[in-house]
Amino acid sequence: MTSYQSDLLRLLDERGYVHQMTDAAALDRLALQQVVPGYIGFDPTAPSLHVGSLVQIMLLRRLQQAGHKPIVVMGGGTGKIGDPSFKDEARKLLTDDVIAQNVASIRRVFERFLTFGDGPTDAIIVDNAEWLDKLGYIAFLREVGQHFSVNRMLSFDSVKTRLDREQSLSFLEFNYMILQGYDFRELSNRYGCRLQMGGSDQWGNIVNGIELTRRMDGVEVFGVTTPLLTAADGSKMGKSVNGAVWLNDDMLPGYDFWQYWRNVDDRDVGRFLRLFTDLPLAEVARLEALPGSEINAAKIVLANEVTRLVRGDEAAQAAQATAAATFAGDGLGQDLPTVGVGADGIGVIDALIALGFAASRGEAKRLIAGGGARLDGQPVSDENHRIMLHGNEARLSAGKKKHGILRAE
């Protein structure tokens, strides 16, 4: 770890948020001298953000915890295009009404993480449609377009990857990085914003905004990106058996959200406790050092803490109580049938038969087709699904009353 003077960079570094940074020494000095307004943008492509966005939300929380000002930027304008960064194909274009509905739905989650208000370190939410929707095309090209080199834009990995695969990149998408760069400059002018943060895939877009703000206004602004977040087994964060792990409670039940964290890979526990909870680092170190099966206690702490932050205390308590009843209450727990699962996983049909929930492959297929097979509470609809354990164990259910344990060998 690097030795920083400011609380902000020390906090980000110690908890594992820093991947790349522009002029770290200058940003460190600035954070010692003043309140630093910093922003992250969220495009409203769905009614809820998912777990893949949680590290960015926590980054804004850390900014405020260190005495600085978070700016949440809703991409009501950029969402009309869609960020092409490292995407295989263009996003489906959304109507203005759908974008507005998504923005309203997404805003709710930030209230659990940030303190909003009019104070110097209070968070604010803004929508970039406020300024992007008003831009005149010719005036924008003359004022802003002259500062962007197409040669340079083509050199960014996010664009090169798409072109190298010979996948179409529309002119509409190509303009996204110009608009995001303009966002940074606009936020600098409107709110004195000096810092943009984001995932590592945003590095090119962030650098564009830094250079544009310097060229047009002579103002020095900064960028910080977080590491690409994947689970220890290489899988993408935020995906489960049944799709995305949504943050909004109307998109995913609280128990399923809790269970996602309870079932993380043993190797991820310490890293996730640092990134996604407010537990002191000494406590994180103690929990991640728990030996053998005791690491499951740390996973329960992780699930409780993250669920409490995202869904509230009641949701966390209810989810843990449901888990306890499922695995230990009503004659369950150690009495549940158990099947060992190797590193190559097990087919869902084979698992149902091995647990005694189906007498034949045909019966197992009918159970799946009828929605009766559930893995950690989530329906399994694909009869060819192969179950890979991301932790020590998972729960496979047939209907509401039959439960079994799939345990890593």
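Okay, quick definition before anything else: helices here are DSSP runs of H or I with at least four residues, strands are E runs of at least two, and both are numbered from the N terminus. With that in hand, look at Asp23, which lies in the loop between strand 1 (20-21) and helix 2 (24-33). Asp23 is not a glycine, and still has a positive phi of about 45 degrees. Its relative accessibility is 43%, so it counts as partly exposed; on our scale buried is under 20% relative accessible area, exposed is over 50%, and partly exposed is in between, with a 1.4 Å probe and protein chains only.

Some housekeeping. This is a predicted model, so local features need pLDDT of at least 70 and side-chain atom pairs count only at pLDDT 80 or more, while totals for chains, interfaces and linings use all residues. Residues are numbered from 1 along each chain as its sequence is written, and side-chain values use heavy atoms, with hydrogens and water left out.

Now the overall picture. The protein has 18 helices and 15 strands. Out of 409 residues, 52% are buried. On contacts, meaning heavy atoms within 4.5 Å: among those between residues at least 6 apart in sequence, 73% join residues at least 24 apart.

Next, the cores. In soluble globular proteins, nonpolar side chains tend to be buried together. We define a nonpolar core as a set of buried Ala, Val, Leu, Ile, Met, Phe, Trp, Tyr and Cys residues joined through side-chain atoms within 4.5 Å. The largest one here has 71 residues, and Leu54, Phe110, Trp261 and Phe276 have the most contacts inside it. There's also a second, separate core of 22 residues, with Val73, Ile124, Trp131 and Leu179 among its members. Back to Phe276: if you skip residues up to four places away in sequence, Phe276 touches Tyr17, Leu54, Val55, Met58, Leu229, Met237, Trp261, Val306 and Leu309.

How much of helix 12 is buried? The buried ones are Tyr255, Asp256, Phe257, Trp258, Gln259, Tyr260, Trp261 and Arg262.

Helix 12 packs on helix 15 at an angle of about 140 degrees, with the axes 8 Å apart. For the record, axes are lines fitted to C-alpha atoms, for helices over the stretch in contact, and angles run from 0 to 180 degrees between N-to-C directions. The two helices are therefore oblique to each other: under 35 degrees counts as roughly parallel, over 145 as roughly antiparallel, 65 to 115 as roughly perpendicular, and the rest as oblique. The crossing of helix 12 and helix 15 is right-handed, meaning the near helix is turned clockwise from the far one by less than a right angle, with anticlockwise being left-handed. Residues of that contact divide into 8 nonpolar, 4 polar and 3 charged. In that scheme Ala, Val, Leu, Ile, Met, Phe, Trp, Tyr, Cys and Pro are nonpolar, Asp, Glu, Lys and Arg are charged, and the others, Gly among them, are polar.

Helix 15 has another partner, helix 13, residues 269-276, at about 25 degrees with the axes 10 Å apart. That makes helix 13 roughly parallel to helix 15, and this crossing is left-handed. From helix 13 you get Val269, Phe272, Leu273 and Phe276, meeting Ile295, Ala298, Lys299, Leu302, Val306 and Leu309 of helix 15. The tally there is 9 nonpolar, no polar and 1 charged.

Which brings me to Lys299, in helix 15, residues 295-311. Is Lys299 buried or exposed? Buried, with a relative accessible area of 1%. Leaving aside neighbours within four places in sequence, Lys299 contacts Trp261, Arg262, Val264, Asp265, Asp266, Val269, Gly391 and Asn392.

Two last residues. Leu396 sits in strand 14, residues 393-398, and counts as buried at 0% relative accessibility. Its contacts beyond four places in sequence include Val348, Leu352, Phe357, Ile387 and His403. Leu396 and Val380 are 16 residues apart in sequence and 9.6 Å apart in space, C-alpha to C-alpha.

And Ala318, in helix 16, residues 313-327, is partly exposed at 43% relative accessible area. From Ala318 to Gly254 is 64 residues in sequence and 8.0 Å in space, again C-alpha to C-alpha.
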